[in-house]
Amino acid sequence: MQAIHCDCQEGICASATRDAKFAGAPALPLIVPILSVIWGVWALAGCGSAGTPAPDNLDAIQHIVFIICENHTFDNYFGGFPNADGATSGLASNGQTVPLSAMPDTYPDEMLCNTWDCALRAMDNGKMDGFDLISYEGVSAYTQASEKDIPNYWAYARRFVLADRYFTSVHGPSLPNHLFAVAAQSGGVIDNGGNPGPGEACDGNSYGTVTVIDANGNRSQRAPCLDFPTLPDTLTEAGIPWKYYASGGGYLFVIGHLYKSPSWRDFAAEPEQFLNDAQTGHLPAVSWVIPPSEASEHPPASICAGENWTVSVLNALMQGPDWNSTAVFLTWDDFGGLYDHVAPPQVDQFGLGPRVPLLIISPYAKSGYVSHTVSDHTSILKFIETRYHLQPLTSRDAQANPMLDSFDFTQRPRPPFLLTPRNCP
């Protein structure tokens, strides 16, 4: 099988054949919604929120910031966090328990596999015991950063909200998950692209093809220029300002009507621009923020450098005039091939995928709260839609939980919580 070896910021990467452990793995059967009965139920009365009324004072939030880092699971970052459902050891395919070893600040990307097939093999129909089958020498997935490795992330979790039932939207890697984060769908895409073929991206350049699946699980290749409704389209139609802060346009690069829009330069900004907009009070109502590659935390990028970048972004926001009216959702796009012990509920053929951390940072966020509410990337879309009374894009965001349990809009706005970037190894 072809496996993607990186998740570049544009969402288009070269294909590479993994070593025999990866390349020899047979394609796994598509997980279908019936597995929800086994792994967990996604229903409006429980996990969904289509009928959840918005609190009267939700309009205290005037700015919503969605920060998406890369490639770490909940157990990998917060497995030892107090009162959260974490693990410090994991199951292997032979039934043995494997301790989660200390994760270094930089970690070789080639030791991990986070493709669609690798995710399914690792999850093993909810047993969560196949991570040794997708990792180099069978142990590279079983690592964990401690509080001393990411002290500021843990400080945010203690001060604000940490969600321990937040999952990725797709079984696979970055590109499809980022598409769900703006559109509650991926157009069928399940990989990062760059597969052999003459496919052209939206700018007319050749970047190979992306793999898509149909309702029956059949795979095909298509050009990496997609076209389907997105939340940015809905916001524009409603007159609600938004901006996507990412190097080179980030993952919006593959949405044809957005990339080719005359307004592209108005809503696509470099990530560094966010700091200036936050400090000067020029944030739009909705922001997507994608770190530059060197700060993405995608192995082998430094974890410390990534955390420092996030701290600089949040400090800029907290020191600006918009802090008292902002909700920040900070998460990681996909599991990166790293271990997590919680079986994701299966809501449709695409996911949910393995669990990742979510930090909710706001003057109205509860203090030291660990949320156990099931949610995923489309839950942030649901929060935005609930706040601005917008219609959902797909069944995914229609049924997603807007995570209102993590807020107290009756409390006095909490003051900024400024942290100091660290000296990295």
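Guide: This is a predicted model. Start with Cys225. Its relative accessible area is 19%. The cut-off for buried is under 20%, so Cys225 counts as buried.

Cys225 has a partner. It forms a disulfide with Cys202, and the two sulfur atoms are 2.2 Å apart. The torsion about this S-S bond is about 110°, so the link is right-handed. The pair connects distant parts of the chain, 23 residues apart. Cys202 sits in the loop between helix 6 (174-183) and strand 10 (210-213). Cys225 sits in the loop between strand 11 (219-222) and helix 7 (231-237). Cys202 is buried too, at 6% relative accessibility.

Next, Cys304 and Cys424. A disulfide joins them, S to S 2.1 Å. Here the torsion is about -85°, so this disulfide is left-handed. Cys304 lies in helix 11 (residues 303-319), while Cys424 is in the segment after helix 13 (395-399). The bond therefore ties together parts 120 residues apart in sequence. Cys304 is buried, with a relative accessible area of 1%. Cys424 is partly exposed, at 32%.

Then there is Cys113 with Cys118. Their disulfide has an S to S distance of 2.1 Å. It is right-handed, with 85° about the S-S bond. Both cysteines, Cys113 and Cys118, are buried.

The count comes to three disulfides. Number the bonded cysteines in sequence order, and the pairing reads 1-2, 3-4, 5-6. One more cysteine to look at is Cys69. Cys69 is buried, with a relative accessible area of 0%.

Conventions. Residues numbered from 1 in each chain as written. Predicted model: local features only at pLDDT ≥ 70, side-chain atom pairs only at ≥ 80, totals over all residues. Heavy atoms only, no water. Disulfide = S-S within 2.5 Å. Buried < 20%, exposed > 50% of the residue type's maximum accessible area, 1.4 Å probe, protein only. Helix = DSSP H or I, 4+ residues; strand = E, 2+ residues; numbered from the N terminus.
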